[in-house]
Amino acid sequence: MIGRRTWWPGVKMKGAALAALVLGLVAVMPAASAEPGDRHAFLTEQGATTAPIGWRQFCRDFPADCRPGLLATDLIRADRHAWATLIRINAHVNTAIEPVTDMDQYGTDERWTYPTSGRGDCEDYVLLKKKLLVEAGFPASALLITVVRDRQGDGHAILTVRTDRGDYVLDNETSDIRLWNQTGYRFIKRQATQDPNQWVTIGPGRAPAAVATR
């Protein structure tokens with residue numbers, strides 16, 4: 001069940017965020033929605049790979065947030081309530097956090113952390129979205145931090161949301177929630193569903209045989 005706690009302490013919502021939230025509440029599905037059983041809408045794990053350095057550093061700082069959950073195969077059922085919550089939290093974080101590089105904020109090339117200062121880079125957006133969605137009742141095993149190459153070939157972090165209609169993307173570059181294959185990104189690797197500390201390469205897959213309920 002989706003809870004009510006969806007805001008990060010210390011982060012203020014701006015007027016634009018409030019408007020985005022209202023729009024999100026009345027949305028039923030993202031503009032690009034797949035039908036159940038569409039295998040092209042899903043990604044699958046294709047082999048083990050190394051975890052990003054930033055993730056290992058984050059887990060040293062926040063070990064409780066890196067523990068594997070009890071359930072590791074959950075998918076989010078794409079009902080009206082789930083979509084409204086996804087849209088609301090994605091829009092909130094995107095508008096509440098000011099983009100800034102780790103070098104400008106921390107004096108280092110790479111640091112993954114929660115944007116408690118109200119500023120952060122793409123990994124920080126992703127970490128906060130995942131935390132808020134877990135607090136809202138979504139299974140952590142369906143919310144996977146993912147590394148991609150963007151349209152310019154640069155590294156970028158997004159949150160992949162595993163649903164019964166496919167793998168959708170929450171991205172700080174846009175408040176639209178889109179299927180992975182409609183982003184224009186090249187997908188490199190993401191957290192394994194069984195364990196957030198294990199990372200896997202990913203690619204096009206097939207629709208799952210069954211959907212776990214939240």
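A nonpolar core is a set of buried Ala, Val, Leu, Ile, Met, Phe, Trp, Tyr and Cys residues joined through side-chain atoms within 4.5 Å, where buried means under 20% relative accessible area, exposed over 50%, and partly exposed in between (1.4 Å probe, protein chains only). The structure is a predicted model, in which local features need pLDDT of at least 70 and side-chain atom pairs count only at pLDDT 80 or more, while totals for chains, interfaces and linings use all residues. Residues are numbered from 1 along each chain as its sequence is written, and side-chain values use heavy atoms, with hydrogens and water left out.

The largest nonpolar core has 39 residues, and those with the most contacts inside it are Trp55, Phe58, Leu86, Leu133, Phe138 and Ile145. The elements that give two or more residues to this core are helices H2, H3 (80–96) and H5 (122–135), together with strands E4, E5 (155–163), E6 (166–171) and E7 (174–179). Helix H5 supplies the largest share, seven residues. Here helices (H or I, at least four residues) and strands (E, at least two) are DSSP runs, numbered from the N terminus. A second, separate core of ten residues includes Leu43, Ile158, Val169 and Tyr185. In soluble globular proteins, nonpolar side chains tend to be buried together.

The strands may be considered next. Two strands pair if DSSP finds at least two bridges between them. Strands E4 and E5 run antiparallel and are joined by seven bridges; in one of these, Thr146 has Ile158 of E5 as its partner. The two strands form a hairpin with five residues between them, and Gly153 in the turn has a positive phi of about 85°. Strand E5 is also joined to E6, in the antiparallel sense, by five bridges, and Leu159 stands opposite Leu170 in E6. This second hairpin has two residues between its strands. Eight of the nine residues of E5 are buried, so this strand is largely enclosed by the rest of the structure.

Strand E4 (residues 143–149) also pairs with E8 (residues 186–191), antiparallel and over four bridges, with Arg186 as the bridge partner of Arg149. Three bridges then join E8 to strand E9 (residues 199–204), again antiparallel, and Arg190 has Val200 in E9 as its bridge partner.

Helix H2 packs against part of this arrangement. Its buried residues are Gly54, Trp55, Gln57, Phe58 and Cys59, and they pack against H5, E4, E8 and E9. Gln57 lies in H2, which spans residues 53–61, and counts as buried because its relative accessibility is 13%. Leaving aside residues up to four places away in sequence, Gln57 touches Glu110, Arg111 and Trp112; contact means heavy atoms within 4.5 Å.

Aromatic residues form a further feature. Rings of Phe, Tyr and Trp (its six-membered ring) pair if their centres lie within 6.5 Å; planes under 30 degrees apart count as stacked, over 60 as edge-to-face and the rest as tilted. The structure holds eight aromatic pairs, and ring pairs link Trp55, Phe58, Phe62, Trp112, Tyr114 and Trp199 into a cluster.

One disulfide, a pair of cysteine sulfur atoms within 2.5 Å, is present in the structure. It joins Cys59 to Cys66, with an S to S distance of 2.2 Å, and both Cys59 and Cys66 are buried. The torsion about their S-S bond is about -95°, so the disulfide is left-handed.
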